[in-house]
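Open the structure in your viewer and keep the selection panel at hand. This tour goes stop by stop.

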Amino acid sequence: MIITPEVLNKQKNDFTIIDIRSDEERQNFPLLGLDTILSSYDESINVAGKKVLVCQFGIVTEGMIIEKNINNAFSLLGGAQAWVEYYNENKDLSRWTRQIVLPEIGIEGQKKLLNCQVSIIGMGGLGCPVAQSLVMAGIGKLKLIDDDFVSISNLHRQPLYSFQDVNKKKILAAKSKLKALNPEVRIETDDVFFDDKNGEELLLNTDVIIDATDNIKSRQRIDQISKKLKIPTVYGALFRFEGQVSILNVNGSAGYNELFPNSNTNGEDSCADAGVLSMLPAIIGNIQALEAIKLIVGINNNLIGKLLMYDGMNHKTEVIEL
Amino acid sequence: MINIKVKCFSQVKYALGADELTFQLDENTTSVDLEKIIRKKAGKKLNNVSLRIAINKKYQKEEIVLQNGDEVVFIPPVQGG
């Protein structure tokens with residue numbers, strides 16, 4: 001069983017709280033605000049009554065309770081790190097403990113996500129998985145920009161919408177599903193088609209733009225504003241079993257209009273005309289979300305200045321240096 | 001003669017009907033020459049599709065003379081979302 005820092009704080013007098021960490025960890029992350037007893041891994045099993053076991057990240061104690069079949073024992077989710085964050089800043093980040101434990105993310109990375117605003121232009125095949133993954137990962141604020149309605153033909157590839165949402169505004173249906181995933185996420189909805197007149201105002205205060213549109217003109221327009229406002233864009237696009245992803249316009253790096261100057265297609269490559277398999281938007285949208293997370297947290301191994309081309313038919317990828 | 005491998009994605013793959021093709025070309029063949037060969041091979045299927053090019057995983061803005069063993073990717077813009 002697990003207990004979050006927020007719940008423990010309310011019920012701490014009901015438990016014996018056992019800190020099983022090393023002296024060094026106790027010194028670096030003291031459990032302020034909790035009366036604890038210190039115990040080794042084995043001794044803690046014999047403590048009578050309801051107890052909460054605390055390790056550094058909440059993973060050792062979670063495994064220990066299951067392995068040793070310890071009765072009346074709870075593992076503190078996120079461990080001492082999550083408790084210290086909760087005690088100092090009144091923020092319970094414990095639900096993200098499995099990604100906070102990644103050295104590349106950590107508490108500081110998670111806080112960067114929480115303090116970030118991402119704007120998604122287009123809530124279709126790409127926009128849905130991007131929004132879903134970003135909310136699940138702990139992005140603090142999302143802006144959803146789209147004026148479209150949910151149609152039946154969207155449902156096979158746009159997982160935020162169900163039959164009950166058909167004919168509803170996409171942004172409203174999406175907001176409802178996303179708030180269920182994380183009630184604390186702040187979501188702003190803009191029921192407009194992104195264009196030259198409204199684009200700049202819509203993207204003010206945005207940290208990262210997600211290009212999840214479905215036409216070249218919108219992509220060109222986004223690029224101009226992204227460049228002007230110096231806000232990076234995570235670009236994604238689909239064709240049948242394939243997709244492209246790149247992070248554009250970071251400190252002067254290439255933008256869409258440099259990557260595809262005066263670009264044209266024969267008009268037969270949209271999802272409606274060319275077709276798209278339901279998994280492809282999820283794959284490409286999740287790669288966009290992954291790149292957005294890396295960009296926000298500051299993980300340097302990313303797609304800035306590179307174009308990823310992915311073919312889901314044969315799983316061939318090509319990463320091209322721009 | 002030089003041997004060139006072309007990796008095919010998106011409209012190029014569908015137009016040529018292959019994931020990968022190899023070409024034996026005259027020395028001094030350029031990237032623009034190869035694009036013309038590709039377009040001719042595709043018939044009308046790449047009409048109005050603008051293509052960018054990467055050689056050995058590097059995007060090329062200018063025409064470049066191909067070297068034996070080069071790997072070429074033509075990059076069409078795709079718009080689906």
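Helix axes here are lines fitted to C-alpha atoms over the stretch in contact, and angles run from 0 to 180 degrees between N-to-C directions. Keep in mind that this is a predicted model.

**Stop 1: a helix pair in chain A**

Select residues 127-137 of chain A, helix α7. How far apart are the axes of α7(A) and α13(A), and at what angle do they pack? The axes are 8 Å apart, and the angle is about 40 degrees. Angles from 65 to 115 degrees would count as roughly perpendicular, and those under 35 as roughly parallel. The two helices are therefore oblique to each other. The crossing of α7(A) past α13(A) is right-handed.

Now show side chains at the contact. On α7(A), pick A:Pro129, A:Val130, A:Ser133, A:Leu134 and A:Ala137. On α13(A), the contact residues include A:Gly285, A:Asn286, A:Gln288, A:Ala289 and A:Ile293. By class, the contact has 9 nonpolar residues, 4 polar and no charged.

**Stop 2: the largest core**

Stay in chain A and select A:Val118, A:Ile120 and A:Leu142. They have the most contacts inside the largest nonpolar core, which holds 49 residues. In soluble globular proteins, nonpolar side chains tend to be buried together.

Center on A:Val118. Leaving out residues up to four places away in sequence, A:Val118 touches A:Leu134, A:Ile139, A:Lys141, A:Leu142, A:Lys143, A:Val208, A:Ile210 and A:Ile296.

A second, separate core has 22 residues. Select B:Val6, B:Leu51, B:Ile55 and B:Phe74, which are among them.

**Stop 3: a serine in chain B**

Stay with chain B and select B:Ser31, in helix α2 (residues 31-41). Is B:Ser31 buried or exposed? Its relative accessible area is 4%, and buried means under 20%, so B:Ser31 is buried. Beyond four places in sequence, B:Ser31 touches B:Ile53, B:Ile55, B:Glu62, B:Glu63, B:Ile64 and B:Leu66. Draw a distance from the C-alpha of B:Ser31 to that of B:Leu66: 6.4 Å, for residues 35 apart along the chain.

**Stop 4: zoom out on chain A**

Show chain A as a cartoon: 13 helices and 13 strands. Along the principal axes, its C-alpha atoms fill a box of roughly 75 × 45 × 40 Å. Color by burial: of the 322 residues in chain A, 54% are buried. Among chain A contacts between residues at least 6 apart in sequence, 61% join residues at least 24 apart.

Definitions and conventions: Residues numbered from 1 in each chain as written. Chains lettered and ligands numbered in written order. Predicted model: local features only at pLDDT ≥ 70, side-chain atom pairs only at ≥ 80, totals over all residues. Heavy atoms only, no water. Core = buried A, V, L, I, M, F, W, Y, C linked by side-chain atoms within 4.5 Å. Buried < 20%, exposed > 50% of the residue type's maximum accessible area, 1.4 Å probe, protein only. Contact = heavy atoms within 4.5 Å. Helix = DSSP H or I, 4+ residues; strand = E, 2+ residues; numbered from the N terminus. Parallel < 35°, antiparallel > 145°, perpendicular 65-115°, else oblique. Left-handed = near helix turned anticlockwise from the far one by under 90°. Nonpolar A, V, L, I, M, F, W, Y, C, P; charged D, E, K, R; others polar.
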